[in-house]
Amino acid sequence: MTYSITWDLDSIFNGGIDSKELEQRLLLLDDEITEYQSLVTDWNPETDAPEFKAFEAIMTVQEKLSKGFGQTISFVNAIQSADVNNKKAGSVLAGLFTKLTGFKNANVLFNKKLTNLSTDTWNTLLHSDFAKKQGVAFNLTEAREQSKRLLSENEESVINQLSTDGFNAWSSHYDTIVANIQFPFEEDGKTTYLSAGQAFNRMMGDADKDVRQRLFDTWEKTWANYAPLFADTLNHLDGFRLTNNKLHGITDHLEIPLEYNRMKKETLDAMWGTIAANKQPFVDFLTRKAQLFGKEKMDWQDQDAPVILGEFEEKRYTFNEAADFIIENFNKFSPKMADFAKMAFEKSWIEAEDRPGKRPGGYCTGLPENEESRIFMTYGESINEVSTLAHELGHAFHSHVMWDLPSVSQDYAMNVAETASTFAELIVADATLKQAKSTEEKINLLDIKMQNATAMFMNIHARFIFENNFYTERKEKVLTDTEITDLMVAAQKESYCDSLNSYHPHFWASKLHFYIDDVPFYNFPYTFGYLFSLGIYAFAQKQGTSFEDDYIALLRDTASMTTEELAKKHLGVDLTSSEFWQAGIDMMIQDVNTFLELTEDYVK
């Protein structure tokens, strides 16, 4: 079967950014916000008890609004991602964030009323028919606890309104700058201008080391030219966040990211501490890979380059071949997962075309009113892109098994979100390894698998170190682009144990994740999800397809308990102990050792 390489958005709102259906949904949002504000304002919990019919009405409209904003923001962002030059999309998105302020303000009042409930009334509410039927006790309790730090309604309203030209504006400003950046590249006597997404894919994945080097030089120089603009953007976005934290009595910049991920500081420390104690095997891997490229030490742009030895030619996968491969191998662990992936391909949920004008990176976004997802990426036919495709389908499957839950019980955090996606990637990685027909092909595929591990343990660790240090210094002053660049290089050297021949000084400017407004520290959850999924994957290999229902049960719980409780309930492990993290790392060290053994003769 032939699958479309561009996505279908018309089934969501027909007509793109000029859709009349979208226009009507945006108007309906205004009416729903007005209704919600009225219901919340009039709500008297004491007189509403014990039936809590008014509370039920509030939660019903809140559900509509959550789905409505999720639907429209995802749709407009999808249009902008696929065409960064669509100026109207940016304008509509800004209008949506303005509307969202009204919803946030009403939520502040609602949550403050929850916080002020007497213990008796609160317990009655949690045991009401509606709350029990919906299974939202955890989410309501979480909202009540987090609301204890709220300021007055007027103060919170002002902050929410200012956020439109604070958090949201600076994040959008980054997108605007990137949309106007092009990367000149000369090839076969002709100069072409690549988008950020196209330039990055070739820079990190091209088999020709000269192409990688020339593109990296252009890449670094181009981001450096815009560094003062990006420095302003990052300083003000994170400065706004720090000021907001301070107003709410928060002095530790990790408190909100940990709270958002429903995760203890002890868990984070155990994870990074165990990784730091196990860096040497991954340094050895990078050094050996560099030697295979004829270098003594690894250069930044070579980390994801393919290892091609002997007569081996790297296998290429057309989009259709990638789809069939993913479906076939998903089926070995979960027929439901395979059926879902097949449906996503057949219904054209994926934007994968390699063309100019697209934003870099890849993502999966949910459309709660349709109970569908859409996947964005730039597909390049390498096994890496097959893995990325599987990764995003893992996200989509995670959402798929939760659509019947209340919206508040679908709001899983980023760390557990990365679990389903990485699990899907592992399936593809192991499937390709098992099909290897020669030592050279096995080396190539082990390298691809290890790229993920080194990204999690080295690259993302560097991002975490950088961001942690940046926030610490930003509390005291506005940093220059030179100071930010110095922090980035220092973080990379620390994370990579100073083992590389060259670094990426302006990585802080090129990486979108540092500029996302709604999720601070868009880094450590990836590493968490990677190692957590390794534990799940090991268990799944023992269980086979009988693991399917257990896996879905775990995914459905991801927004209804803390991370530590989730791991204890479904895996029987303690995340604050280094033992759990060491087990996952040891699995990857085995792959490193195999890679080193297989490549030993190629560097003598």
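**Helix packing and nonpolar cores**

Trainee: At what angle do helix 9 and helix 12 pack?

Mentor: Helix 9 (residues 167-179) and helix 12 (residues 227-247) have their axes 9 Å apart. Helices are DSSP runs of H or I with at least four residues, numbered from the N terminus; axes are lines fitted to C-alpha atoms over the stretch in contact, and angles run from 0 to 180 degrees between N-to-C directions. This is a predicted model, where local features need pLDDT of at least 70, side-chain atom pairs count only at pLDDT 80 or more, and totals for chains, interfaces and linings use all residues. The angle is about 165 degrees.

Trainee: Are helix 9 and helix 12 roughly parallel or roughly antiparallel?

Mentor: Angles under 35 degrees count as roughly parallel and those over 145 as roughly antiparallel. Helix 9 and helix 12 pack at about 165 degrees. The pair is therefore roughly antiparallel.

Trainee: How are helix 1 and helix 3 oriented to each other?

Mentor: Helix 1 (residues 20-42) and helix 3 (residues 53-82) pack at about 150 degrees. Their orientation is therefore roughly antiparallel.

Trainee: Which residues have the most contacts inside the largest nonpolar core?

Mentor: A nonpolar core joins buried (under 20% relative accessible area, 1.4 Å probe, protein chains only) Ala, Val, Leu, Ile, Met, Phe, Trp, Tyr and Cys through side-chain atoms within 4.5 Å. Residues are numbered from 1 along each chain as its sequence is written, and side-chain values use heavy atoms, leaving out hydrogens and water. The largest core has 147 residues, with its largest share, 15, from helix 20 (residues 439-474). Those with the most contacts are Phe 457 and Trp 508.

Methods: Helices (H or I, at least four residues) and strands (E, at least two) are DSSP runs, numbered from the N terminus. Angles under 35 degrees count as roughly parallel, over 145 as roughly antiparallel, 65 to 115 as roughly perpendicular and the rest as oblique. Buried means under 20% relative accessible area, exposed over 50%, partly exposed in between (1.4 Å probe, protein chains only).
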